[in-house]
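Student: I would like to go through some residue labels and check each one against its definition. Can we start once the model is on screen?

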Amino acid sequence: MAPRIILIGPMGSGKSTIGKSLANKLSLEFRDTDSVIEQRENKSVSQIFIEDGEDAFRAIEREILQQELQASDTVLALGGGAPISTEAQSALAATSSHVVYLDISLANVAPRIGFNRDRPLLLNNPRGQWQTLMEARRPIYEAIADTVVDVNRRSQSEIVAQILEVLG
């Protein structure tokens, strides 16, 4: 038992948008770890970061990831930092799910996320913070992924079609 598809990548890469579209096309349920966390904790991801700290958020995130990996026939989108811990990487490697990394450049992500205050990891020097995060995370995303999809300047339908083609 495992999700059919797991989407990973940085904030703003389109994991939720693409995930919902894929789930619709495949007649599967869409799940998003950040949304599950917000529902369970009854506060936003930003609030958890600010009130409880990043370590508390990451602990909840690891727990939710383990829980969501038990669900079957879903399309699962992970928060940008969810696959970064070695525990998460091991759990993802052990699953039979197809992991898709949605890769996006700084130039293309900037207009999408606007580098606003609702992104707790980007509060100071948002562009520099995003670049630093990606330099650390990109090799991990690439190592975990079964498929890497470049989402730069591509429409939602083009991205979904590419993923569906890879899945056969």
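This is a predicted model: local features need pLDDT of at least 70, side-chain atom pairs count only at pLDDT 80 or more; totals for chains, interfaces and linings use all residues.

Student: What is the overall make-up of the protein in helices and strands?

Tutor: The protein has eight helices and five strands. In sequence order they run β-α-β-α-α-α-β-α-β-α-α-β-α. Of its 168 residues, 48% count as buried.

Student: Which positions does UniProt list as "binding site"?

Tutor: An unreviewed UniProt entry lists Gly12, Ser13, Gly14, Lys15, Ser16, Thr17, Arg119 and Arg154 under that name. The feature "binding site" is also placed by UniProt, again from an unreviewed entry, at Asp34, Arg58, Gly80 and Arg137.

Student: Take serine 13. Why is serine 13 called buried?

Tutor: Serine 13 has a relative accessible area of 1%. Buried means under 20%, so serine 13 is buried. Serine 13 sits in the loop between strand S1 (5–8) and helix H1 (15–26).

Student: How do you know that the side chain of serine 13 has a polar contact with proline 10?

Tutor: A polar atom of the serine 13 side chain lies 2.8 Å from the backbone oxygen of proline 10. The cut-off for such a pair is 3.5 Å, and 2.8 Å is within that cut-off.

Student: Why does serine 16 count as partly exposed?

Tutor: The relative accessibility of serine 16 is 27%. Partly exposed covers the range between the buried limit of 20% and the exposed limit of 50%, therefore serine 16 is partly exposed. Serine 16 lies in helix H1. Neighbours within four places in sequence aside, serine 16 is in contact with Phe30, Asp32 and Ala77.

Student: And what makes aspartate 34 partly exposed?

Tutor: Its relative accessible area is 24%. That value falls between 20% and 50%, so the label is partly exposed. Aspartate 34 belongs to helix H2 (residues 33–41).

Student: Why is arginine 58 called buried?

Tutor: Arginine 58 has a relative accessible area of 14%. This is under 20%, so arginine 58 counts as buried. Its place is in helix H4 (residues 54–68).

Student: What polar contact does the side chain of arginine 58 make?

Tutor: The arginine 58 side chain makes a polar contact with the side chain of glutamate 61, at 2.8 Å.

Definitions and conventions:
Residues are numbered from 1 along each chain as its sequence is written. Side-chain values use heavy atoms; hydrogens and water are left out. UniProt positions are given in the numbering used here, feature names are shortened, and annotations may be inferred rather than shown by experiment. Helices (H or I, at least four residues) and strands (E, at least two) are DSSP runs, numbered from the N terminus. Buried means under 20% relative accessible area, exposed over 50%, partly exposed in between (1.4 Å probe, protein chains only). A polar contact is a pair of N or O atoms within 3.5 Å; within protein, one must be able to donate a hydrogen and the other to accept it, and residues adjacent in sequence count only if both atoms are side-chain atoms. Contact means heavy atoms within 4.5 Å.
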